[in-house]
Amino acid sequence: MSFRRLAPADEQPARFAFSEGNRKLVDRWIAKYPPGRQRSAVIAALWIGQEQEGWVTQRMIEEVARILDMPVMRVLEVATFYTMFNLVPVGEHLVQVCTTTPCWLRGSDEVVAACRKHIEPRPNVVSADGKFSWTEVECLGACVNAPMMQIGKDYYEDLDGAATERILEALRRGETPNPGPQDGRHSSEPAGGALTLTDPKLYEGGYSHPANSGVSDDDAKRPTAAGSERAAPVQKPPGAAS
Ligand code: FES
């Protein structure tokens with residue numbers, strides 16, 4: 001599913017350098033670890049590089065290896081293992097469509113079809129206008145609002161084909177569609193609204209605790225009748241014959 005190879009040589013930029021601010025950020029991450037353990041900052045350094053360039057280039061991997069004093073192969077292993085690192089150029093808007101089982105069962109095929117239609121038939125390829133690229137990803141942790149996709153840092157949830165197309169068209173026009181559920185429900189409440197704890201009396205002082213209902217404390221604590229013999233076993237002293 002994931003595209004985990006470096007981009008071909010003819011797509012790789014000739015050089016990479018962290019901006020001054022980002023280099024300071026990398027140094028700050030290195031300083032979080034004990035002396036000699038600077039390699040622990042490899043994920044942070046790659047992430048900072050990706051935030052700067054949009055994707056992880058071969059020269060970036062080499063530069064991170066140089067700064068952290070580790071073999072290039074080790075950095076390459078990290079970059080190719082974690083799917084959060086983009087190994088090929090991405091569009092201005094990177095659309096990550098979750099196609100793991102819960103999203104798939106709830107219709108992620110429609111979301112993928114909308115991406116193929118509005119962005120590019122192939123995943124991991126930048127659209128002709130440079131505005132989009134899309135990719136399939138594993139669970140993004142919003143299964144309760146499946147199917148969903150992440151665009152940039154926003155989650156768009158409860159999607160279908162039409163909603164996906166609407167969002168992509170809006171982004172193409174330069175608008176910022178509202179993230180979150182697209183079917184009108186609030187957060188991850190049940191479709192149709194909240195169904196439990198909706199009695200206003202619960203919140204307006206109208207709720208009557210058994211202590212105030214005329215039931216004595218002893219009665220309130222008395223066990224109710226067991227539903228079955230199994231639920232009310234006869235207690236016997238230790239050692240008594242069964
Ligand atoms: S399966 Fe899609 S968010 Fe979890």
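Which pattern does the protein follow when it is read along the sequence? In this predicted model, the pattern is α-α-α-α-β-α-α-β-β-β-α-β-α.

Let's begin with the strands. They form an open sheet of five, in the order E2-E1-E3-E4-E5, and the pairing is mixed. The edges are held by strand E2 (132-137) and strand E5 (180-181); each has a single partner strand, so one side of each has no neighbour in the sheet.

To find the spot on screen, look for Gln 96, which stands opposite Thr 135 in E2. Now move to E5. Strand E4 (residues 154-157) runs parallel to E5, and two bridges join them. Here the residue to look for is Tyr 156, which stands opposite Gly 180 in E5.

Across the protein, by comparison, buried residues make up 22% of the 242 residues.

What lies across these strands? Helix H6 (residues 108-118) lies across strand E1 (93-98), E2 and strand E3 (149-151), and the helix runs at about 155 degrees to E1. This brings us to the largest nonpolar core, which has 21 residues. Val 95, Val 97, Val 111, Cys 115, Met 148 and Met 149 touch the most other members. E1, H6, E2, E3 and H7 each supply at least two residues of this core, and H6 gives the largest share, with four.

Leaving aside residues up to four places away in sequence, Val 97 touches Ser 108, Val 111, Val 112, Cys 115, Trp 134, Glu 136, Val 137 and Met 149. There is also a second, separate core of 15 residues, with Ala 41, Ile 48, Ile 61 and Leu 68 among them. For the protein as a whole, residues 24 or more positions apart account for 61% of the contacts with a separation of 6 or more.

Finally, let's visit the loops. Pro 147 lies in the loop between E2 and E3, and the peptide bond from Ala 146 to Pro 147 is cis, with omega near -5 degrees. In the loop between E4 and helix H7 (161-172) you will find Asp 158. Asp 158 is not a glycine, and its phi has a positive value, near 50 degrees. Ser 187, in the loop between E5 and helix H8 (217-221), also has a positive phi, of about 50 degrees, although it is not a glycine.

Which of these two residues is buried, and which is exposed? Asp 158 has 21 C-beta neighbours inside 10 Å, so it counts as buried, because the cut-off for a buried residue is 20 or more. Ser 187 has 9 such neighbours inside 10 Å, so it counts as exposed, a label that applies at 12 or fewer.

Technical notes:
Residues numbered from 1 in each chain as written. Predicted model: local features only at pLDDT ≥ 70, side-chain atom pairs only at ≥ 80, totals over all residues. Pairing = 2+ DSSP bridges. Contact = placed C-beta atoms within 7 Å. Axes fitted to C-alpha atoms, helices over the stretch in contact; angles between N-to-C directions. Core = buried A, V, L, I, M, F, W, Y, C linked by C-beta atoms within 7 Å.
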